[in-house]
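User: I am learning to read protein models and would like to go through one with you, feature by feature. Could we begin with the helices?

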Amino acid sequence: MRMPVLFVGHGSPMNAIEENTFTRSLESLAPRLPRPKAVCVVSAHWVTAGSEVLAVEKPKTIHDFYGFPRPLYELQYPAPGAPAEAQRLAKELQLVPDHQWGFDHGAWSVLRHMYPEADIPVFQVSLDQHRTLEDHLALGKELASLRQRGVLILGSGTLVHNLHRMNLGMKSQPYPWALEFDTKVKTAIEKRDLRSLSAPDKWSSELVAEAHPTLEHYVPILYCAGSADEKDEVSYPYEGFDLGSVSMRMVLFGKLDGSAA
């Protein structure tokens with residue numbers, strides 16, 4: 001059975017311990033997906049010089065943020081790693097096996113709602129800071145083989161991510177430019193317009209700079225779109241904005257009913 005592909009706009013680390021419409025959508029989504037043999041996470045929060053893959057048996061939980069309540073730092077996500085799958089992928093795609101990283105919050109803040117028992121093996125693929133957007137998309141296409149092996153590809157980032165423009169008074173109301181960029185990405189996904197997704201400057205360099213002062217939160221959608229194809233249905237398990245400048249959109253490529261796409 002070919003697994004679907006999921007992109008999650010993970011938002012604030014506080015979503016790891018809060019109950020809200022976003023976290024409830026993650027909880028309700030997981031039972032409607034085929035149960036994966038493993039999860040491969042491409043997170044905005046693991047950026048490296050070169051493409052790496054986490055290949056340890058017992059990954060640590062990384063609390064890669066500061067200034068949050070103590071209960072958030074006490075959380076652990078003790079899922080096992082998938083070293084055999086990671087080593088196989090490293091050999092196939094010439095990635096560097098990593099034995100130092102763990103689960104960053106882009107991974108565990110999402111997975112703890114989807115798979116709270118932490119009983120599904122998880123490994124991560126890093127974002128190579130030297131790759132172009134086109135290169136990231138190309139690697140996403142190469143990751144597609146994981147789907148046939150029962151691996152759920154999970155991209156964790158944010159389609160609009162400008163923390164400097166967050167506005168507590170806006171709550172779920174987006175800035176016009178944030179809505180515009182989110183809509184352009186959604187349209188490109190639905191049209192399978194991978195060229196535009198990997199070259200968003202063609203829409204407007206000013207718009208891209210407003211939506212993403214840095215691009216690491218955008219890049220995971222390229223891995224998801226690259227590993228999907230025309231056979232995959234596209235749906236949005238969750239849509240919305242936080243504080244005007246953070247898109248919480250999820251994108252699912254594939255069927256929800258557990259049948260093969």
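User: How many of the nine residues of helix α10 are buried?

Analyst: A residue is called buried when its relative accessible area is under 20%. In this predicted model, helix α10, which covers residues 219-227, has nine of its nine residues buried. They are V219, P220, I221, L222, Y223, C224, A225, G226 and S227.

User: Which residues of helix α4 are buried, and what do they pack against?

Analyst: Helix α4 runs over residues 105-114 and is mostly covered, with nine of its ten residues buried. The buried ones are H105, G106, A107, W108, S109, V110, L111, H113 and M114. As for their partners, these residues pack against the strands β1 (5-9), β2 (38-48), β5 (122-128) and β6 (151-157), and also against the helices α1 (21-29) and α2 (70-74).

User: What is found at the start of α4?

Analyst: There, a side-chain oxygen of D104 comes to within 2.9 Å of the backbone nitrogen of G106.

User: Is T23 buried or exposed, and which residues does T23 touch beyond its sequence neighbours?

Analyst: T23 belongs to helix α1, and T23 counts as buried because its relative accessibility is 0%. When neighbours within four places in sequence are left aside, T23 is in contact with N15, E18 and H113. Of these, H113 is one of the buried residues of α4, and α1 is among the elements that the buried residues of α4 pack against.

User: Where is P200 placed, and how far apart in space are P200 and L133?

Analyst: Two residues can be compared both along the sequence and in space. P200 sits in the loop between α8 and α9 (205-211), and with a relative accessibility of 3% P200 counts as buried. P200 and L133 are 67 residues apart in sequence, while their C-alpha atoms are 9.3 Å apart in space. Leaving out neighbours within four places in sequence, the contacts of P200 are L133, F181, V208 and Y218.

User: What should I look for in the phi angles?

Analyst: The general idea is that most residues other than glycine have a negative phi. Q94 has a positive phi of about 60° although it is not a glycine, and Q94 is found in the loop between α3 (83-93) and β4 (96-98). R192, which is likewise a residue other than glycine, has a positive phi near 55°, and R192 lies in the loop between α7 (176-190) and α8 (194-197).

User: How many helices and strands does the protein have, and how compact is the protein as a whole?

Analyst: The protein contains ten helices and ten strands. Its radius of gyration is 17 Å, close to the 18 Å that the globule rule gives for 261 residues, so the protein is as compact as a globular protein of that length. Taken along the principal axes, the C-alpha atoms fill a box of roughly 45 × 45 × 40 Å. Buried residues make up 57% of the 261 residues, and among contacts between residues at least 6 apart in sequence, 81% join residues at least 24 apart.

User: What can be said about the surface and the charges?

Analyst: The accessible surface comes to about 11300 Å², of which 51% belongs to carbon and sulfur atoms. The protein has 26 positive and 32 negative side chains, and the centres of the two sets lie 4 Å apart.

Definitions and conventions
Residues are numbered from 1 along each chain as its sequence is written. This is a predicted model: local features need pLDDT of at least 70, side-chain atom pairs count only at pLDDT 80 or more; totals for chains, interfaces and linings use all residues. Side-chain values use heavy atoms; hydrogens and water are left out. Buried means under 20% relative accessible area, exposed over 50%, partly exposed in between (1.4 Å probe, protein chains only). Helices (H or I, at least four residues) and strands (E, at least two) are DSSP runs, numbered from the N terminus. Contact means heavy atoms within 4.5 Å. A polar contact is a pair of N or O atoms within 3.5 Å; within protein, one must be able to donate a hydrogen and the other to accept it, and residues adjacent in sequence count only if both atoms are side-chain atoms. The radius of gyration is taken over C-alpha atoms; the globule rule is 2.2 Å times the number of residues to the power 0.38. Accessible areas come from the Shrake-Rupley method with a 1.4 Å probe; for residues, only the protein chains shown count as cover. Lys and Arg count as positive and Asp and Glu as negative; His and the chain ends are not counted. The place of a charge is taken as NZ of Lys, CZ of Arg, CG of Asp or CD of Glu.
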